[in-house]
Amino acid sequence: MSRYSITGLYQGAVGALNYRRLFEQEALPTVVANTLVWVVAVVGLTVVISLVLAQLLDASFPGRRVVRWAVIVPWAASLIITAKLFVWIYDYYFGALNHVVTALRLTAEPVDWLGNDATVMGAMIGVGVFVSLPFTTYVLLAGLATIPGDVYEAARLDGASAWQTYRSVTLPLLGPALLVATVLNLIYVFNSFPIVWTLNDRNPGFGHDTMVTYMYKVAFKSALRDVGLAAAVGVLNLVLVLLAVLLYLRTVRWQDAEA
Amino acid sequence: MRPARRLRRVALTGAGVAVAAFFVAPYVVMLLDALKPAAELRASPPHVLPRAWQPGNFLDVVRDPVFRSALRVSVTVALVSTLLAVAAAIPAAYHTARRRFRGRSAFLFLVLVTQMFSPTTLVVGLYREFFQLGLVNTSAALILTNAAFNLAFAVWILRAFFASIPRELEEAAEVDGCSRLGALLRVVLPLARPAIVTAAIFAFIAAWNEYIVALTLMTDADMKPITVALTSYVTAYVQHWNLLFAASILAIVPVIVLFALIEPYLVSGLTAGSVK
């Protein structure tokens, strides 16, 4: 709430000037496009992979508890530390990833994952998905745990195949959990700062920035050093998040009405 | 049927091992680096296993008074703020799940909007507020902030699960002479256990890893939580990367321990056969 008053103060003196200047920034279309790619890819991949992971962690097999403990580790570790770790893993000379990739002869040369325009976004999305999986998986796992066992029994008696049961029994009952997981992921990934900030550290300009890191650079790091403009970026970001969440909620509700 | 079932078990276990390895591998690298002497971290070419194992790094961190007080602050803040957030979220979630009232969707959406501000933008306002209350450099400031930050998630996830619990169960309890509150406590809460555990894990981890507000509000050296204290191992003046990694590993441990303690409650299975 205090945010409105702060941005309100900034706007008070210069009117809409900062917003007009924001839309004149050359980097803005790139940054908005980057943000959309980042959010859609991370949230989409995370949700799909988490559905599979939650199913695995819900099944019973020896050592399941240990696997559950392992999955929580990236969530328990602080984001900055994980981001730094991945800078090390993606490293051109010493990184574990290039060792694996060249050993398997997938590429002839090692790849400069974080320095190459073609790979840096993919590399960041990979880390984004990695750290979002535990949270999403656990929300879905809690969802699976509350599905009563007798609906599965009923489906089996009706002769439904495993896939049919999943599609027409599990997935609809998982709806509320899936909604919570997706909406919160949407917000967190939109506002995620440490990963893009740390992995995109060495690249000059705004070519791979998302809204949040762009805002920080505009305020503190670039030649602009412009808090007013950064605040305008912040407001635009908030509007984008709101739109994305509303759009998602509407789509989901609309589908519910159809079903 | 028998061999098929055994095959399934083997496949599931194999998949489980692969998943566990995938999630833990980066942190094993960190653990190995934490066991190296400082000079070995800058070796070129680097080697995965330490040449000279130095488990003393962990002892150095554990003996460090800064780390000890940071651990105390972090545990207090994370535990109390988690309890507060979950306790406040349960009635809010129950009410929005069971009663229809004007502005219900608006209320839920407003709760969600509080999550859309990145904490960075809230720091200035929070500092002023806590300064006026005289709470700067107290655990209470971080407890209140974290409880408030994590309330939205707790309300949303609990509401989703309360809504999915069949109303007939409560009605049955009321027919049997339970009050509305009694039905909530004896019927709904036990069934929603997986959701409560998930909300608690989330609130605890978020409070445990919160950085920006702690950095701003906790300026006394002995009031800094772990996230802030960690950064003192690598500054412009000293670069103890091995100690940083050791402290980071140690900082993960309490979360895993807590999780191991409450993980059994993640499985409900109680609803099986509850409605016929």
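**A helix pair and its surroundings**

Reply: Happy to. Chain A has 13 helices and zero strands, and this is a predicted model. Read along the sequence, its pattern is α-α-α-α-α-α-α-α-α-α-α-α-α. Of its 259 residues, 43% count as buried. Among contacts in chain A with a separation of 6 or more, 70% join residues 24 or more positions apart.

Now to the pair itself. Helix α3 of chain A covers residues 28-58 and helix α10 of chain A covers residues 175-190; their axes lie 10 Å apart, and the two pack at an angle of about 145°. The crossing of α3(A) and α10(A) is right-handed. On the α3(A) side, the residues that take part are V39(A), V42(A), V43(A), T46(A) and V47(A). They meet A181(A), T182(A), N185(A), L186(A), V189(A) and F190(A) of α10(A). The spacing of those numbers is worth a glance: an α-helix has 3.6 residues a turn, so residues three or four places apart point the same way. By class, the contact of α3(A) with α10(A) has eight nonpolar and three polar residues, and no charged ones.

Stepping out to the partner chain, 54 residues of chain B are in contact with 56 residues of chain A. On chain B, the helices that each supply at least two residues to this side are α1 (2-34), α6 (119-132), α7 (139-164), α10 (193-209) and α13 (241-262). The largest share, 13 residues, comes from α1(B). The side of chain B that touches chain A divides into 36 nonpolar, 16 polar and two charged residues.

Two further places in chain B round out the picture. The first is helix α4 of chain B, residues 65-98: at 1.5 Å a residue, its 34 residues should span 50 Å, and its end C-alpha atoms are 50 Å apart, so the two values agree. Even so, α4(B) bends by about 25° at A89(B), with a proline, P91(B), following within four residues.

A52(B) has 9 other C-beta atoms within 10 Å, and because 12 or fewer counts as exposed, A52(B) is exposed. From A52(B) to A192(B) is 140 residues in sequence and 50 Å in space, C-alpha to C-alpha.

Technical notes: Residues are numbered from 1 along each chain as its sequence is written. Chains are lettered from A and ligands numbered from 1 in the order in which they are written. This is a predicted model: local features need pLDDT of at least 70, side-chain atom pairs count only at pLDDT 80 or more; totals for chains, interfaces and linings use all residues. Two residues are in contact if their C-beta atoms, placed from the backbone, lie within 7 Å. Ala, Val, Leu, Ile, Met, Phe, Trp, Tyr, Cys and Pro count as nonpolar, Asp, Glu, Lys and Arg as charged, and the others, Gly among them, as polar. Axes are lines fitted to C-alpha atoms, for helices over the stretch in contact, and angles run from 0 to 180 degrees between N-to-C directions. A crossing is left-handed if the near helix is turned anticlockwise from the far one by less than a right angle, and right-handed if clockwise. A residue is buried if 20 or more other C-beta atoms lie within 10 Å of its own, exposed if 12 or fewer, and partly exposed in between; C-beta atoms are placed from the backbone. The expected span of a helix is 1.5 Å times one less than its number of residues. The bend at a residue is the angle between axes fitted to the seven residues ending there and the seven starting there.
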